[in-house]
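Subject: Structure for your files

Hello,

Please open it alongside the notes below.

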Amino acid sequence: MTSQTSRWSVTVLTLFPEMFPGSVGHSLAGKARSDGLWSLETIDIRAFAHDVHGTVDDTPFGGGPGMVMRADVVDAALQSVPDDDRPRIYLSPRGKLLTQQYVRELADGSGAVILCGRYEGIDHRVTLARGLEEVSIGDYVLSGGEPAAEVLIDACVRLLPGVIGDARSLQEESFERGLLEYPHYTRPQTWGGLDVPAVLRSGHHARVAEWRRAQAEELTRLRRPDLWARYGGTRKREGL
């Protein structure tokens, strides 16, 4: 179990603590952790098993394939985390979809306690008894919650003050304005027989902004009709 004092802290409960910090131990997130902007603690769920074999799962009531993580073991691990105001999150394909808005809410708080499931998941009684928030990072299934936990942590950490050098870049990203982000270009000016759009080389800031907005709207309309519908509704409410 490792931890350090900082403004934003995350506790991950997992059967594989050696998988952390993983990707969030590198690049901006890793540097921010070294600088004390956030902290990571891992708790080994297997340490709370009741037998010498470290058994953490059992067959499901009602039959069916797979195994289910035992309520008594998972709950004991959760109870080892001191009470605080951090939300208790269980990463599950059946949870509410992770959105940028939810990420911002987490980043604005004091951190999170994240439970990573394995096998067929955890006994549902733990979710009910402990008021866990079920969260999904997408409509697909992983072998366990650990990769999803890294996704959630990375999404939050990059929003913490001081992590990204120029905070203005966060304002132009996908989802921040209800749209996907516009395309980016850099040197060389000509590559693969393709040129950088002339408007981006014009030096005319208003035209660049207009082009970027149009590109973001078109990409969103084509690729994410769900976002486009919400975006249109928002603009109508705002009288735009």
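The side chains of Tyr231 and Arg213 make a polar contact at 3.0 Å. Please keep in mind that this is a predicted model. Tyr231 sits in helix H7, which covers residues 225–237. Is Tyr231 buried or exposed? Its relative accessible area is 8%, so Tyr231 counts as buried, the cut-off being under 20%. Besides Arg213, and leaving aside neighbours within four places in sequence, Tyr231 is in contact with Arg177, Gly178, Leu179 and Glu217. Asp84 is 36 Å from Tyr231, C-alpha to C-alpha, and 147 residues from it in sequence.

Now the nonpolar cores. The largest one has 33 residues, and the members that touch the most others are Trp38, Ile114, Ile153 and Val157. At least two residues of this core come from each of strands E1 (8–14), E2 (38–44), E5 (88–97) and E6 (111–116), and from each of helices H1 (27–34), H3 (100–107) and H5 (146–157). Helix H5 gives the largest share, seven residues.

What does Ile153 touch, not counting residues up to four places away in sequence? Its partners are Val10, Val12, Val24, Trp38, Leu40 and Ile114. Another core, of 19 residues, lies apart from the largest one; Ala49, Val56, Met69 and Leu78 are among its members. As background, nonpolar side chains in soluble globular proteins tend to be buried together.

Regards

How values were computed. Residues are numbered from 1 along each chain as its sequence is written. This is a predicted model: local features need pLDDT of at least 70, side-chain atom pairs count only at pLDDT 80 or more; totals for chains, interfaces and linings use all residues. Side-chain values use heavy atoms; hydrogens and water are left out. A nonpolar core is a set of buried Ala, Val, Leu, Ile, Met, Phe, Trp, Tyr and Cys residues joined through side-chain atoms within 4.5 Å. Buried means under 20% relative accessible area, exposed over 50%, partly exposed in between (1.4 Å probe, protein chains only). Helices (H or I, at least four residues) and strands (E, at least two) are DSSP runs, numbered from the N terminus. Contact means heavy atoms within 4.5 Å. A polar contact is a pair of N or O atoms within 3.5 Å; within protein, one must be able to donate a hydrogen and the other to accept it, and residues adjacent in sequence count only if both atoms are side-chain atoms.
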